[in-house]
Protein chains: 2
Amino acid sequence: MDKILRIDVGAEGGPKATTVPIGEYAGLGGRALTSAIVSKEVPAASHPLGEENKLVIAPGLLSGSMSAMSGRISVGAKSPLTGGIKEANSGGQPSQVLARLGYAAIVLEGKPKGDDLYKIFINKDGVKISVDNTLKMFGNYDVVEKMKKEFGEKIACISIGPAGEMKLAASSVAFTDMELRPTRHAGRGGMGAVMGSKGVKVIVLDDTGMSMRQPKDADKFKEVNKKWIAGLQAHGVTGQALPAYGTNVLTNIINEAGGYPTYNFKEGRFAGAAKISGEVEAETETKRGGVATHGCHSGCVIRCSGIYNDKDGHYLTKQPEYETVWAHGGNCGIDDLDTIAMLDFLDDNYGLDTIDMGAAIGVAMEAGLLKFGDGQGAINLIKEVGKGTPLGRIIGSGAAVTGKVLGVERVPVVKGQAMPAYDPRAVQGIGVTYATSPMGADHTSGYAVTSNILGVGGTVDPLRPEGQVALSRALQIATAFIDSLGMCIFTAFALMDQPETNQALIDLVNAFYGWNWTADDTAEFGKKVLTMERDFNARAGFTKEQDRLPLFMKNQPLAPHNVTFQVTDEELDQVFNW
Amino acid sequence: MDKILRIDVGAEGGPKATTVPIGEYAGLGGRALTSAIVSKEVPAASHPLGEENKLVIAPGLLSGSMSAMSGRISVGAKSPLTGGIKEANSGGQPSQVLARLGYAAIVLEGKPKGDDLYKIFINKDGVKISVDNTLKMFGNYDVVEKMKKEFGEKIACISIGPAGEMKLAASSVAFTDMELRPTRHAGRGGMGAVMGSKGVKVIVLDDTGMSMRQPKDADKFKEVNKKWIAGLQAHGVTGQALPAYGTNVLTNIINEAGGYPTYNFKEGRFAGAAKISGEVEAETETKRGGVATHGCHSGCVIRCSGIYNDKDGHYLTKQPEYETVWAHGGNCGIDDLDTIAMLDFLDDNYGLDTIDMGAAIGVAMEAGLLKFGDGQGAINLIKEVGKGTPLGRIIGSGAAVTGKVLGVERVPVVKGQAMPAYDPRAVQGIGVTYATSPMGADHTSGYAVTSNILGVGGTVDPLRPEGQVALSRALQIATAFIDSLGMCIFTAFALMDQPETNQALIDLVNAFYGWNWTADDTAEFGKKVLTMERDFNARAGFTKEQDRLPLFMKNQPLAPHNVTFQVTDEELDQVFNW
């Protein structure tokens, strides 16, 4: 991972690949690397779909190594959704494969001269770029099938669906899982549109002939990796709850807490929650011959994913995640898991962020375009996106644009990005993260649900403003570090509760790179990443006024607790005042 | 004009009107008054369609008086299009009528409790508000016809069409002309959507029984008004060019100058310009029994408007203005006046800003949705807006949203508002105004075309950056004053070239109000208005980064002069450093 693959898609005669040393970016990976390149090389005033923007795909610092949970890959660019810097990360296989191929990042830059669609094949022998217009408007599943026929089964794919080709602002970049299905997504912020604007449909990776990345201190690394795994398995969330029920274990918990955004963030509790809970989902999967406990990438020991079959026992989609189940479920008043699973499949296939899709449909329901609870209507709407009809393009542009075009006032977005599955009024810590994260509303960038609801990393009353800023600040800093390692964010549960597991993670990095980092160093690293990101956003015209929740969160109390968001603007402005 | 009519549309039992003294806002009118009320009373973080926003309709300080050209009326609110403060002003009769009824402003505030549509009738006896759901989705022409039947012919109307009811971000507020037709519009920034969000379809004014507003010094006022009129008639632009050919006299001039944005701002000269010029337009109007020289409001002595009949000699629309002829003409590659006139009629009837509509269609053409030059396609698109189809809602949301939804990079907007009919690369002074005006891209807020192209108020080379900032600054300050008087901006031609006419205007104000203002005082007044507006925008999260043209203006040279926009960011930041 000491080299960067730069592909100038606008070169004379077609895209041109150049491999360059990592140089000034040495020591960076994942989010730190995507944000460093975007912040340094992309003019903040660029059009997100223009020549000056760059799409950066970077495995984490520990990806491709033997360390457990290190399979996250970061995608960064100036976002067509938020207008600011964006890092969205994903599970799946490509992170490990790309890292083993030795690339710290792939950077797509420039602007294609024509309308051709490109596929890029990367293996130990180098990079081949070819025109493949037969792939035009293919769904991600069909793209991967075609690549399997062409390149065999030992590949991993990074692709976009029709949504990315259409440059829709809520389009994702898909990554294949262990079954070579395009089920893992860098969903947020329209990274698929940026890839589409570069004319690249799919990147096929084959690490045949390459081996695991080797640590500087192999013995030490092996030893702390065992502690690392033991720590993850010892914690209740990562060792039991997530493996058993997946992320969707949260449905009952958040609903019970009254923070489950229902009917487009109108209420905090959904009557149909039990029917779409993780417990029911796991039971359904097992009964139908699917899988309830499964990793999304090799090296995963938490295994919060799964496989969801239809009523006839045929594969329908991967286990829909909590955020997806909520976005298409409670947020739209839909309480049918099969409908939600179908929406999950369609989103994955078209290449769409499930959170912004669920939020956009919720806003469309609020506008009266269809009724809350209308599952078939929701499926039809997502199909419109796949077809690229005007209505589909509205929805595919995300909740903010949908709200603007349909004249809706209650639109749950920050910086143009839809809020995930926790209402900030009943989970005020996550509200601080939504408001202030440089990424727009994003639960993963500072998951305060931990101490607010789950009793992980201490306890902070979710309904009161006290302590939320400090909580979100600490989490945003820690997350920027974890996102740079390629580590799954779910390791944070164990990291927060078990000092020895936290130390094991630092030891892993030190053993791998021969560094001597302390906990303070990792915090400094996280702060540097956040500072780069906020600096880009400032140059793009963001101020503290963009670090705010929509006004209805302050004015409209949320049932059942009848609370509004209580953290003041002045407190929000202290998040990055460390 | 010492009272303000406040209508709380969210009051229990339906909208409630209260007339209050002008109080702290005394001495303000037109734009100064709308911006003062919005800046002071509307929280900058409000949703533009929400309870906290207010729609302010204010005649100018001299409206309703005997002074010529004082019939402009200002409409202000937080804009659904730009997210910033907005003042859009219009000609037509309502300014004079509302002023004679004694109201300095109408303020619509609050949020209606239901979906009822209201009409408001105001005469010397007071205010009557009633539900009239029969008007739902009526075009402006039908609304006015119905009001005539109900209230007689001695009325003036302020109304919205279906676009405003649908809360589309490019919807206008319509004002009736001397023939009681809804042909004059406060077009920019989605003021129609704000009126729609307040549930008000039409405001009917009847000043029967009221008389002309009386100046403090009647003799002096009469005397300087004569000088004022003589000055306007003596100037070549206001005395000859505008009366003869209307605003569309500019087509040949700007096209010849190479600054006529063609094919969505791709080129600076349009081959079909001669066919849609003001000369041809005036000839066509006269030949068909229309009118080529006509005022838009009583008291107008420039008479740049007209009446455009169809081929059979029947009324089709008022004389389409230069901006409209360009937006639907050269910008879309359309060179047929009848097509453009039909588009003008449809925009007026649905209640849409012709500039943002032409720009949105140009962007849709760039996206390949229809071909440049497809006049029938453009008509069909605007009809989609009237019907409220998804495609129509996209277009009706303006060029910025259209570009986002269709994935287009070349989108000619600043602060979300479409650029008018002068390419900033070939008319660099207007580029400074587009970039820095608190209103978003707006030619009327600092019409540097004067010295850049028309040789009015001196000469500044349009293709070079030198002198443009000082020019735009002076014009923006002067315009903020003129917009507050209710004076038509076209008086500026004479004001800039003839010191005695400029003095006559100041004398008019002084004679009317008993003031002793100097030229310096008027400049201070203009600066105060701009400062209030910029202060609101700053609180809404705008920085200098929003005071920028889109990047393609700096990167893509414009034929035939092959120039890019040369004014630096640092220079732009000096515009308000007075």
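Visitor: In which sense do strand 14 and strand 15 of chain B pair, and over how many bridges?

Guide: This is a predicted model, in which local features need pLDDT of at least 70, side-chain atom pairs count only at pLDDT 80 or more, and totals for chains, interfaces and linings use all residues. Residues are numbered from 1 along each chain as its sequence is written, chains are lettered from A and ligands numbered from 1 in the order in which they are written, and side-chain values use heavy atoms, leaving out hydrogens and water. Strands (E, at least two residues) and helices (H or I, at least four) are DSSP runs numbered from the N terminus, and two strands pair if DSSP finds at least two bridges between them. For strand 14 (residues 305-309) and strand 15 of chain B, the pairing is antiparallel, over three bridges.

Visitor: Which residue of strand 15 of chain B stands opposite I307(B)?

Guide: The open sheet concerned has three strands of chain B in the order 13-14-15, with antiparallel pairing. Its edge strands, pairing on one side only, are strand 13 (291-294) and strand 15 (315-318) of chain B. The residue of strand 15 of chain B that stands opposite I307(B) is K318(B).

Visitor: What angle does helix 11 of chain B make with strand 15 of chain B?

Guide: Axes are lines fitted to C-alpha atoms, for helices over the stretch in contact (heavy atoms within 4.5 Å). Angles run from 0 to 180 degrees between N-to-C directions. Helix 11 (residues 337-350) of chain B packs on the sheet, touching strand 14 and strand 15 of chain B, and its direction makes with that of strand 15 an angle of about 75°.

Visitor: What area is buried between chain B and chain A?

Guide: The contact takes 35 residues from chain B and 35 residues from chain A. Buried area is the accessible area (1.4 Å probe) that two parts lose on being put together, summed over both. In chain B, K404(B), V405(B) and E409(B) lose the most area to chain A, together 24% of what that side buries. Carbon and sulfur atoms give 58% of the total, which is about 2500 Å².

Visitor: Which residue of chain A meets E409(B) in a salt bridge?

Guide: A salt bridge is a side-chain nitrogen of Lys or Arg within 4 Å of a carboxyl oxygen of Asp or Glu. Across the interface of chain B and chain A the rule finds two salt bridges. At 2.6 Å, N to O, the partner of E409(B) in one is K111(A).
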